[in-house]
Amino acid sequence: MIRSRFRYLLELWDRYERPLAAISLTVGFVFDLFLAKRPDSVYDNLLLVSYLFIAAALILILNIRTYRRRDIEPQATPLFLLLVLQFCFGGLSSNLLVLYGKSGTFAGSTLFLLFLFAMLVGNEFLKSRYAQLRFNVVIYYTLLLTYCIIAVPTFILHSVGTLVFLASGLLSLAIITGFLWLLYLIVFRGRDRAVQIYEVSVLVLLVFFFYNALYFMNIIPPVPLSLKNIGIYHQLTRLPAAAGTDDAIYSATYEDSPWYIFWRDTSATYDIGSASTAQASCFSSVFAPTGLSAPIYHRWERRDDTGKWVTMSRISFPINGGRGEGFRGFTVTSVTPGHWRCDVETEGGALIGRISFNVVESSTTAALSTKAL
């Protein structure tokens, strides 16, 4: 009776293996969308490290079975272990997607959504165990490298920049080298074991160099920095900090955004009245993990008659991490009628966030509002 039920379960698994794996990956992805908070959260990082450790152990266990017990029929593949592996991959992907998505660039989020789709497609079409091994190692290293890019500046170097990014990549290579060494010792067998480890290593290096290319093209978001707030104001006045706090209060005068443009606080139109030039202030709030210090730049750009964005000024100020609402700062520049934008970026030019606006002249005085920041 028990044997017949077990055989029935194996037949169901053989029939629905790939849909179940895809469902497990998706459940893990959705589950962690609600858990990811901030890159310096101890809970989030313990969860991510646990996923990485469990996924590595499962890849080893699953492939030890494949290479050492070739007499096992395909339908005897351990259901639970495969589903847990897919859950870990999904949880890692969603958690990292949230953290990268908060860095203010759509390209990073798109990259990971495409990556998730690639994992689903890969699970559907890779039939052989060895093909799945290579595929799983590539997924694992991609997620490992993605995590190291956040963890190294957050917990080790407390800074951001090119050298920090390269250090993150080197740490990921050191970890994956140890993992591949374990694969070589306890998984790969036969005369072609050197060829097998070589092929997997080449795929890992391709991922490494691909991420470096994305970084130097400023496609990867500048994690762990993220933009919390940005606006264009007519005037900003620094007031004394409230009693019992160290945070300064800013009195801000601005043109209010229409009610239906709910995603920005200040208007996309900046009215300078009858003047040919005026002062504009860009106020931004950038989150950085506790202990991290870095210079932040406001790049003021104006679009010329050919449609090209021309840098009018680039002003820096330092930020210190730890404040949940972000470290606040502002810069001031002279503006003339036309299309303008202010980019918030790192020293290396990686984009954290941006706000665009049109400077216009008018014969009437714009209606201004005031609020505290």
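**Close-up views of a predicted model**

Figure 1. Arg-299, Arg-314 and Glu-345 are linked in a network of salt bridges (a side-chain nitrogen of Lys or Arg within 4 Å of a carboxyl oxygen of Asp or Glu). This is a predicted model, in which local features need pLDDT of at least 70 and side-chain atom pairs count only at pLDDT 80 or more, while totals for chains, interfaces and linings use all residues. Residues are numbered from 1 along each chain as its sequence is written, and side-chain values use heavy atoms, with hydrogens and water left out. Glu-345 is buried, with a relative accessible area of 4%, whereas Arg-314 is partly exposed at 33% (buried, under 20% relative accessible area; exposed, over 50%; partly exposed, in between; 1.4 Å probe, protein chains only). Arg-354 and Asp-343 form a salt bridge at 2.6 Å, N to O. Arg-354 lies in strand β10 (residues 351-360) and Asp-343 in strand β9, so the pair ties together parts 11 residues apart in sequence.

**Figure 2. The salt bridge between Asp-265 and Lys-371.** The two side chains meet at 3.8 Å, N to O. Asp-265 lies in the loop between β3 (249-254) and β4 (269-271) and Lys-371 in strand β11 (residues 369-372), so parts 106 residues apart in sequence are tied together. Asp-265 is partly exposed at 33% relative accessibility, as is Lys-371 at 25%.

**Figure 3. Helix α7 (residues 193-216).** The end C-alpha atoms of α7 are 35 Å apart, in agreement with the 34 Å that its 24 residues should span at 1.5 Å a residue (the expected span is 1.5 Å times one less than the number of residues). Its buried residues include Ile-197, Val-200, Val-204, Val-207, Phe-208 and Tyr-211. An α-helix has 3.6 residues a turn, so residues three or four places apart point the same way. Asn-218, which follows α7, has a positive phi, near 60°.

**Figure 4. The loop between α5 and α6.** Leu-157 lies in this loop and is partly exposed, with a relative accessible area of 40%. Helix α5 comprises residues 129-156 and helix α6 residues 162-186.

Terms used: Helices (H or I, at least four residues) and strands (E, at least two) are DSSP runs, numbered from the N terminus.
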